[in-house]
Amino acid sequence: MRQEVAVQEHAAEALHVAGAEGELTMEELPEWISDHIGDGGYIEFAGGHWDLAALAFDPIRLGPVVIDLSPTRQFVVMLLVAVLLALVFVPVARTIRKRGIERAPGGFAGAMEAVILYFRDEVVRPNIGHGADGFTPFILTIFFFVLGMNVIGLTPLGITPTANLSVTAALAVISFVVTEISGFRALGPAGYARTIFFLPAGLPLFMRPIMLAILAPVEFLGKLAKPFALAVRLLANMTAGHLLILSLIGMIFIVRTYLMGAASVTMASGLMVFELFVAFLQAYIFAMLTAVFIGLIRHAH
């Protein structure tokens with residue numbers, strides 16, 4: 001297993017060198033793009049190459065299942081985003097708490113307070129309703145964490161964790177668990193059961209078993225479709241933009257003319273601006289839909 005990974009990483013490194021030297025071919029372009037978007041056991045930044053093999057763990061074997069908890073570059077970037085968010089928002093929270101009693105905070109803290117109040121008043125409260133304020137920290141955490149992972153991929157670091165299905169699926173599962181638990185607490189066991197085993201009012205007695213057998217699987221699949229849609233939407237939007245940008249940049253190394261270089265840089269720059277908008281939009285949509293799903297199940301009656 002480790003030998004195969006080492007061979008793949010060596011091939012990926014060779015593609016990086018080929019791209020840097022302008023020797024990329026059309027046949028190598030898809031693999032070069034996949035290497036930039038995909039995960040790996042190394043990080044390249046500012047001409048440096050940092051191998052993460054020193055941080056690797058021995059795989060955990062549970063029968064036929066092998067679990068490898070070794071850190072990858074996307075995992076490291078996720079931790080970096082979490083640390084940066086903590087370094088930014090902990091001082092902001094202290095400033096808002098300290099100055100908010102006497103006067104409204106200014107500067108960056110004031111701008112963040114405006115964003116927080118917007119989410120509370122325009123996203124969380126209208127979609128969740130009664131008891132919505134308790135979910136505001138969760139919705140804000142989702143928004144800023146997804147936004148941080150989206151935006152960091154547009155920096156020279158070039159690593160976007162949200163272009164990985166494992167990351168978006170994990171975020172969607174967290175959203176799903178919070179949604180279902182909040183619904184269970186709000187509706188109680190009997191009320192929550194009716195969100196799955198639902199029967200229309202006035203249904204004849206002999207039709208109830210038949211309709212229950214039909215509707216219950218549909219309702220259950222509907223619950224699973226919500227996190228699936230969250231994960232795939234975020235993944236597809238973040239991956240598609242990076243594919244276009246990397247394809248344009250890769251054409252510079254293939255065609256190798258001044259005209260293609262100027263055209264590729266111009267179009268890629270325009271796409272980068274659009275990707276910044278998409279990064280904010282997808283983080284907002286992920287957070288807003290999470291609030292919508294929580295509100296729907298809490299008021300299922």
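Q: How do the residues of the lining of the second largest cavity divide into nonpolar, polar and charged?
A: Ala, Val, Leu, Ile, Met, Phe, Trp, Tyr, Cys and Pro count as nonpolar, Asp, Glu, Lys and Arg as charged, and the others as polar. Here the lining has four nonpolar residues, one polar and one charged. The model is predicted: local features need pLDDT of at least 70 and side-chain atom pairs 80 or more, while totals for chains, interfaces and linings use all residues. Numbering runs from 1 along each chain as its sequence is written, and side-chain values use heavy atoms, without hydrogens and water.

Q: Which residues line the second largest cavity?
A: A cavity is a set of points on a 1 Å grid where a 1.4 Å probe fits but cannot get out, and lining residues have an atom within 4 Å of a point. Leu230, Arg233, Leu234, Gln282, Ile285 and Phe286 line this one, with α7 and α8 (258-298) each giving two or more residues. Its volume is about 30 Å³.

Q: What volume has the largest cavity?
A: A volume is the space filled by probe spheres set on the points; here the largest cavity has about 50 Å³. Among its lining residues are Ala172, Phe176, Lys223, Leu230 and Phe293. Helix α6 provides the largest share, five residues. The lining comprises five nonpolar, two polar and three charged residues.

Q: Is Leu62 buried or exposed?
A: Buried means under 20% relative accessible area and exposed over 50%, with a 1.4 Å probe and protein chains only. Leu62, in strand β3, counts as exposed because its relative accessibility is 52%.

How values were computed
Helices (H or I, at least four residues) and strands (E, at least two) are DSSP runs, numbered from the N terminus. On a 1 Å grid over the protein atoms alone, a cavity is a set of points where a 1.4 Å probe fits but cannot get out, and a pocket is an open set with protein on both sides within 12 Å along at least five of seven lines; lining residues have an atom within 4 Å of a point.
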